[in-house]
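The report below is meant for a reader meeting this structure for the first time. It goes through sheets and helices, then a pocket, and ends with single residues and bonds.

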Amino acid sequence: MRRLLRVGTGLGAILAATLATAVPATATPASATPATATTRMAGAAPGPQASAGLSAVHDVCPTAAPGHARCYAQIRTDPGGVRGVRSADALPAGYGPADLRAAYDLPDTGGAGQTVAVVDAGDDATAEADLAVYRTTYGLPACTTANGCFSKVNQDGAAGPLPEDMGWEGETALDLAMVSAACPQCHILLVESDDTEFADFAAAENTAARLGATEISNSYGDTESGSLVKYASAYSHPGVAITVASGDSGYGLPSFPADLDSVVSVGGTTLKRADNARGWNETVWNSQKGGAGSGCSAWVDKPAWQHDANCPGRMVADVAAVADPDTGVAIYDSLDGWSVGSGTSASAPLVAGIIGLAGHPEHFPDASYLYAHSAGLNDVVGGSNVLVTDCGGDYQCTGQPGYDGPTGLGTPAGLSAF
């Protein structure tokens with residue numbers, strides 16, 4: 001069992017008090033954050049202009065009650081309310097599978113024999129039907145209960161009874177779409193927790209592993225604390241790669257379970273087409289609606305494979321992918337029709353699908369494989385995730401050459417890092 005820093009003394013108590021009250025970070029120990037840190041109001045450095053023809057961004061999930069998790073999905077809805085399968089000459093707004101494969105240099109085939117699980121709260125009654133609309137629109141092979149590709153269970157692993165609707169349909173649609181986009185041949189297991197309490201998510205996580213998931217994606221979290229440590233074991237399963245969204249609150253206290261050293265913590269970028277050799281450019285996601293989560297853990301020790309200079313604990317994140325709502329991805333659910341999905345709720349399942357596509361989940365009992373193969377990633381340079389607390393230009397909140405907090409080691413550049 002890993003040794004955890006204790007709340008009440010030293011770094012844990014000081015860092016928590018500092019960031020929770022949003023006082024100037026100069027009050028934080030230099031070992032945790034740079035001494036030049038300052039604060040500013042959220043949204044003071046907005047990102048790119050909103051996509052034309054789409055409504056304002058909104059969070060899928062409400063603010064979580066104490067002891068509960070919040071999903072990190074954000075969507076822009078189509079004001080036209082377009083529903084159903086789209087034709088190839090009238091595709092919906094947002095990046096589709098072909099765009100994502102091009103941006104991250106992914107092969108069209110791979111992942112046979114892999115099962116990517118997504119863990120979400122409450123029942124999405126139309127999840128399978130909505131997934132069919134997405135996959136049909138983009139010419140992906142059918143993934144259904146009937147053909148054995150898709151399955152949905154409750155947190156105990158049974159087909160029923162399923163939990164009540166928790167309003168997470170947009171999150172579920174985003175998760176299923178991103179796994180499908182990255183790995184069309186992967187099987188998909190949707191595990192629905194009874195509630196948004198971490199005890200329920202831990203049960204669902206263990207069920208996903210027990211039922212044979214090779215990768216598990218988690219797009220939810222809450223600010224790390226000592227009360228959440230007891231759930232850490234649910235996010236550690238030999239032979240299973242577990243990805244977790246780093247959050248959407250920018251730089252500050254990291255999110256649980258993204259702070260665990262047994263998971264791949266996934267940050268977020270702004271992804272745009274560019275006139276360069278790659279054909280794309282990425283910077284740190286920071287928009288009026290949020291920014292990629294990053295932070296230095298006050299609870300989890302520095303893993304042996306992580307070597308950044310200014311954080312004595314586990315640093316979030318490890319890797320990243322598209323998350324900005326202004327450069328988001330196309331998703332479909334029956335309530336909203338077609339919309340543009342975003343947040344690290346998009347990047348975490350996308351990376352889980354990429355791990356499935358590569359077919360080696362055994363490489364990921366933690367994120368160490370990425371650190372040993374960082375040459376297979378696109379280094380993200382530029383931008384910051386400062387929303388309230390500023391790290392003073394340090395790598396913890398700024399896209400810099402090599403490792404940085406908001407995007408980790410970078411974004412996928414083919415499968416060599418996976």
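Helix H3 (residues 127–137) lies across S19 and strand S20 (337–342), and its direction makes about 140° with S19; helices (H or I, at least four residues) and strands (E, at least two) are DSSP runs, numbered from the N terminus. Helix H4 (residues 169–182) also lies across S19 and S20, running at about 125° to S19. Axes here are lines fitted to C-alpha atoms, for helices over the stretch in contact (heavy atoms within 4.5 Å), and angles run from 0 to 180 degrees between N-to-C directions. This is a predicted model, in which local features need pLDDT of at least 70 and side-chain atom pairs count only at pLDDT 80 or more, while totals for chains, interfaces and linings use all residues. Residues are numbered from 1 along each chain as its sequence is written, and side-chain values use heavy atoms, with hydrogens and water left out.

The sheet is open and has four strands in the order S2-S4-S20-S19, with antiparallel pairing, where two strands pair if DSSP finds at least two bridges between them. At its edges are strand S2 (58–59) and strand S19 (329–333), each of which pairs on one side only. Two bridges hold S2 in antiparallel pairing with strand S4 (residues 74–77), and His58 has Ile75 in S4 as its bridge partner.

## The three-stranded sheet

Another open sheet, of three strands, has the order S3-S9-S12 and antiparallel pairing. Strand S3 (70–71) and strand S12 (255–256) stand at the edges with a single partner strand each, so one side of each is left without a neighbour in the sheet. Helix H5 (residues 198–210) packs on this sheet, touching S9 and S12, and its direction makes about 140° with that of S9.

S3 and strand S9 (residues 220–223) run antiparallel and are joined by two bridges. Arg70 has Gly221 in S9 as its bridge partner.

## The largest pocket

The largest pocket holds about 480 Å³ of space. On a 1 Å grid over the protein atoms alone, a pocket is an open set of points where a 1.4 Å probe fits, with protein on both sides within 12 Å along at least five of seven lines, and lining residues have an atom within 4 Å of a point. Grid points are joined across faces, edges and corners, and a volume is the space filled by probe spheres set on the points.

The lining of the largest pocket consists of 28 residues, of which Tyr72, Asp222, Thr223, Ser249 and Leu253 lie nearest its centre. At least two lining residues come from each of S9, strand S11 (249–251) and strand S16 (290–301). The lining divides into eleven nonpolar, 14 polar and three charged residues, with Ala, Val, Leu, Ile, Met, Phe, Trp, Tyr, Cys and Pro counted as nonpolar, Asp, Glu, Lys and Arg as charged, and the others, Gly among them, as polar.

## Salt bridges and backbone details

Eight salt bridges are counted, each being a side-chain nitrogen of Lys or Arg within 4 Å of a carboxyl oxygen of Asp or Glu. In one of them, the side chains of Asp326 and Arg76 meet at 2.5 Å, N to O. This pair links distant parts of the chain, 250 residues apart, with Asp326 in the loop between strand S18 (319–322) and S19, and Arg76 in strand S4.

Most residues other than glycine have a negative phi, and most peptide bonds are trans. The peptide bond from Gly160 to Pro161 is cis, with omega near -5°, and Pro161 is placed in the loop between strand S6 (150–154) and H4. Asp105 has a positive phi, near 55°, and lies in the loop between helix H2 (97–103) and strand S5 (115–121).
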